[in-house]
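Subject: Structure handover and notes

Dear colleague,

I am passing on the structure we spoke about, with my notes below it. Please look through the two side by side.

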Amino acid sequence: MIKDFRIHPVAVADPPLRSSYGRHAPYALRTVIRLDTTDGISGAAEAHGGEGSLAAFHALREHVLGMDPFALHRLWMRWGAGESAGDRSQTWLVPGENPNDARRRAFAAVEAACLDIIGKAVGRPVCDLLGGRARDAAPFSAYLFYKHGGGGGEGADAREDEYGECLTPEAIVRQCRQMIARYGFREIKLKGGVLEPELEIETIRLLRAEFGPGFPLRIDPNCAWSVETSVRVGLALREELSGGGYLEDPTAGLDGMAEVRRRLLAAGAGIPLASNVAVTGFEDVVPAWRDSAVQIVLSDPHYWGGIRAVQRLGDLCQALGLGLSMHSNNHLGLSLLIMAHSCCATPAMEFACDTHYPWQHEEDEILVGGRLRFENGAVRIPDRPGLGAEVDWDQVARLEEKYWKLPYRRRDDAEEMRKHVDPAWKRILPRW
Ligand code: GKR
Ligand code: MG
């Protein structure tokens, strides 16, 4: 039985990465939770951060205290019944800031912590509890960002800037070389929607010229483009985004995506469209498939409702003939483990998953033993029960102290743009 539920908001240094949402703040916000059972076993999980997540966890707490960690369906039946039916898309709100999926995000973290407990109780890793491993290691992609100079953090807490300013196609190629040399990634994702589309096309072409077709490429402008621009970029990059690559959320909404797909196909370009903006829950999958708006769904064990939700999504995608990949936001090692278990326990996960992990720093890791290691771009499931790592709770306490001292309570990339780049900056969709 669960006798204690601790909720720790934390702040983690983050470099000034750019996307169509704006610019990352010097700190990314996360929440680390801990459940303790009457048998003396504890489980942990990591989730989105800030005050919205915190409120959801505090509301969920009373349902979790006294529960059997095996009784996850019952918990969802009670808690998920209150889920709001409103818009869960990420068109305007970044993942983790939409109140309409706050309940499933909080549930997902409790599920991961309960699976951690169950794994420890029976002495097996989490993915072995869920049907076993489709693969022993989870492959991840090199997630490239245009960025300003700076490594994240502020003042005396500023971090080393490993990648420097990257606001040109050449600088992104350099960033990619560095990242691949360090982590061994075999697939590449570029966060677009930042520079003029012509420059982003050039960036993808330079990446192809440098790394060759053995490294599938994807670009994700988070809806910054009109249907016309999306088609123009798609046609310009029809070679580069084929062969295991994809075009992710070029434009807003399923109707827009469907129109892009129709026009690309009519021009003989079969590059698949992927989405984590328009497709964020099971409710969206059939409409996206029916209208041929999306060919690859990006899962995420955080906001889809947990590791088992990713497995169910994999089955649904397979039945509909859709591909499956995985989305990421800034995160620490505990989330990386949740993502790795989700990938390894889901046979349908055929693309390397996204991860922001290279953008965080050793000083902020909350796992005993430090940062997790990538081998050839993949994270091996640890040979330990549960999620496979011990949390350093003193470090969590230090990061929580920082959270309460700092003014950041939600992710607001537009505000950071106004502070540092252009006082009049507004998110405009489509921008090009
Ligand atoms: O970290 O700026 C970012 C990304 O734009 C992130 O917020 C997105 O959710 O990585 C994400 C995506 O694939 O859309
Ligand atoms: Mg995306």
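The notes that follow cover the conventions, the metal site, the sheet, a helix beside it and some single residues.

This is a predicted model, in which local features need pLDDT of at least 70 and side-chain atom pairs count only at pLDDT 80 or more, while totals for chains, interfaces and linings use all residues. Residues are numbered from 1 along each chain as its sequence is written, chains are lettered from A and ligands numbered from 1 in the order in which they are written, and side-chain values use heavy atoms, with hydrogens and water left out.

I begin with the metal. The magnesium ion (ligand 2) is coordinated by Asp220 through OD, Glu248 through OE and Asn276 through OD1, at 2.0 to 2.1 Å; donors here are N, O and S atoms within 2.8 Å of the metal (3.2 Å for Na, K and Ca), and since water is not among the atoms, sites may look incomplete. Along the chain the donors follow the spacing D-x27-E-x27-N. Asp220 lies in strand β9 (residues 217-220) and Asn276 in the loop between β11 (273-275) and α9 (282-290), so the pair ties together parts that are 56 residues apart in sequence. Helices (H or I, at least four residues) and strands (E, at least two) are DSSP runs, numbered from the N terminus. Asp220 and Asn276 are both buried, where buried means under 20% relative accessible area, exposed over 50% and partly exposed in between (1.4 Å probe, protein chains only).

Strand β9 belongs to an open sheet of 7 strands, with parallel pairing and the order β7-β8-β9-β10-β11-β12-β13; two strands pair if DSSP finds at least two bridges between them. Its edge strands are β7 (142-145) and β13 (323-326), each of which pairs on one side only. On average, neighbouring strands of this sheet are turned by 25° against each other, direction ignored; axes are lines fitted to C-alpha atoms, for helices over the stretch in contact, and angles run from 0 to 180 degrees between N-to-C directions. Helix α6 packs on the sheet, where α6 touches β7, β8 (188-191) and β9, and its direction makes about 160° with that of β9; contact means heavy atoms within 4.5 Å.

Helix α9 has Asp284, Val285 and Ala288 as its buried residues. They cover an arc of only 110° around the axis, which puts them on the same side of α9; the arc is that of the directions from the helix axis to the C-beta atoms. These buried residues pack against α8 (254-266) and α10 (307-320). After α9 comes Ser292, whose phi is positive, near 50°.

Two buried glutamates deserve a look. Glu46, in strand β5 (residues 42-48), is buried with a relative accessible area of 1%. A polar atom of the Glu46 side chain lies 2.8 Å from the backbone nitrogen of Leu332, and the Glu46 side chain also reaches the backbone nitrogen of Ser335 at 2.9 Å. A polar contact is a pair of N or O atoms within 3.5 Å; within protein, one must be able to donate a hydrogen and the other to accept it, and residues adjacent in sequence count only if both atoms are side-chain atoms. Glu111, found in helix α3 (residues 102-122), is likewise buried, with a relative accessible area of 1%, and a polar atom of its side chain lies 2.8 Å from the backbone nitrogen of Ile307.

Pro197 lies in α6 (residues 197-211) and is buried, with a relative accessible area of 3%; not counting residues up to four places away in sequence, Pro197 touches Trp225, Thr229, Arg232, Val233 and Trp432. Glu170, in helix α5 (residues 169-183), counts as partly exposed at 47% relative accessibility.
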